[in-house]
Amino acid sequence: MKIIEIPETGSTNSWLAANAESVGSPAMVYALRQTAGRGQRGNSWESEPGKNITASFLLKPLNVRPAAQFAISEAVALAVVDFLKEISVEAKVKWPNDIYVGDRKICGILIEHSIMGREITRTIAGIGVNINQVEFLSDAPNPVSLAQITGEAYPLPEMAGKLAFCMEERLRQACSPDETAREKLHEEFMGNLWRRVGFHSFFDRKRGEAVSARILAVAPDGMLSLETEGHDTRTFAFKEVEFIIKEID
């Protein structure tokens, strides 16, 4: 995978979309300074210049139909989990694809697909991993970095290379023509889900209420199924439900 370092950009996803033809696929671009990083739901992504990995990956996911595009999300999330595991940090995937260490968020992911007919022509996966930042100023709940967890500082070029390797391995699994490989990917995704066991607090946006529920399943299309304590099964698309997270001092 080609790795490109740029000194500054507004958003690596936007930069890669504008330069996709000249860059080629697969490729990773990371910026030492990102001034307008984008997160899910239109949120911004806080990143102190020169401290974290703010990167985007350009992919052409062959063999993945638009209806099965969540496999790409699973692969990207698990690649970050693999990357952190190499540094002896255990992380989990908060549905659909945030990465948490304990109850703190260490990574956000934003995936954008270009679809034509029955084919995903291009995927840009934006990733922000907190590496060396030790002070967070935004009101984002419970951020954490590698440096805060381990007490060590990490060289960003080396970290970017490790992440690119993990990403390439996981994407190979997601894009395999062998359906068994994708089934195994989904099993690993389920096994690495944050708050997979037990009942937890959620906010059901469709009904406008808080509910205690447990995760039953995540479908291949990414739909989340919950079972409430009253044995009511509810199924949600992204943005229809959210975890209720208490802030940690």
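Thr-54 sits in strand S3, residues 53-59. Strands here are DSSP runs of E with at least two residues, helices are runs of H or I with at least four, and both are numbered from the N terminus. The model is predicted: local features need pLDDT of at least 70, side-chain atom pairs count only at pLDDT 80 or more, and totals for chains, interfaces and linings use all residues. Residues are numbered from 1 along each chain as its sequence is written, and side-chain values use heavy atoms, with hydrogens and water left out.

Thr-54 is buried, at a relative accessible area of 2%. Buried means under 20%, exposed over 50%, and partly exposed in between (1.4 Å probe, protein chains only). The Thr-54 side chain reaches the backbone oxygen of Ala-31 at 2.9 Å.

Next come the charged pairs. Side chains of opposite charge can pair when their charged atoms come close. A salt bridge is a side-chain nitrogen of Lys or Arg within 4 Å of a carboxyl oxygen of Asp or Glu. The whole structure holds 17 salt bridges.

Start with Arg-170. Its salt bridge with Asp-82 has the closest N and O atoms 2.6 Å apart. Arg-170 lies in helix H5 and Asp-82 in helix H3 (residues 70-85), so this pair ties together parts that are 88 residues apart in sequence. Both Arg-170 and Asp-82 are buried. For Arg-170, the relative accessible area is 9%.

Arg-170 also meets Glu-188 in a salt bridge, at 3.0 Å from N to O. Glu-188 lies in helix H6, so this pair ties helix H5 to parts 18 residues apart in sequence. Glu-188 is partly exposed, at 22% relative accessibility.

Now move to the loops between strands. Lys-206 and Glu-240 form a salt bridge at 3.8 Å, N to O. Lys-206 lies in the loop between strand S8 (200-204) and strand S9 (209-218), and Glu-240 in the loop between strand S11 (233-236) and strand S12 (241-243), so the pair ties together parts that are 34 residues apart in sequence. Glu-240 is partly exposed, at 25%. A network of salt bridges links Asp-204, Arg-207, Glu-209, Asp-232 and Arg-234.

Finally, the surface. Asp-178, Glu-179, Glu-183 and Glu-187 form a negative patch. Patch residues have over 30% relative accessible area and no salt bridge, with like charges joined within 9 Å. Asp-178 is in the loop between helix H5 (156-174) and helix H6 (179-191). Asp-178 is partly exposed, with a relative accessible area of 42%.

Key. Patch = residues over 30% accessible without salt bridge, like charges linked within 9 Å, V, L, I, M, F, W, Y side chains within 5 Å. Areas by Shrake-Rupley, 256 points an atom, 1.4 Å probe, with all protein chains shown as cover. Lys, Arg positive; Asp, Glu negative; His and termini not counted. Charge placed at Lys NZ, Arg CZ, Asp CG, Glu CD. Polar contact = N/O pair within 3.5 Å; in protein donor to acceptor, adjacent residues only side chain to side chain.
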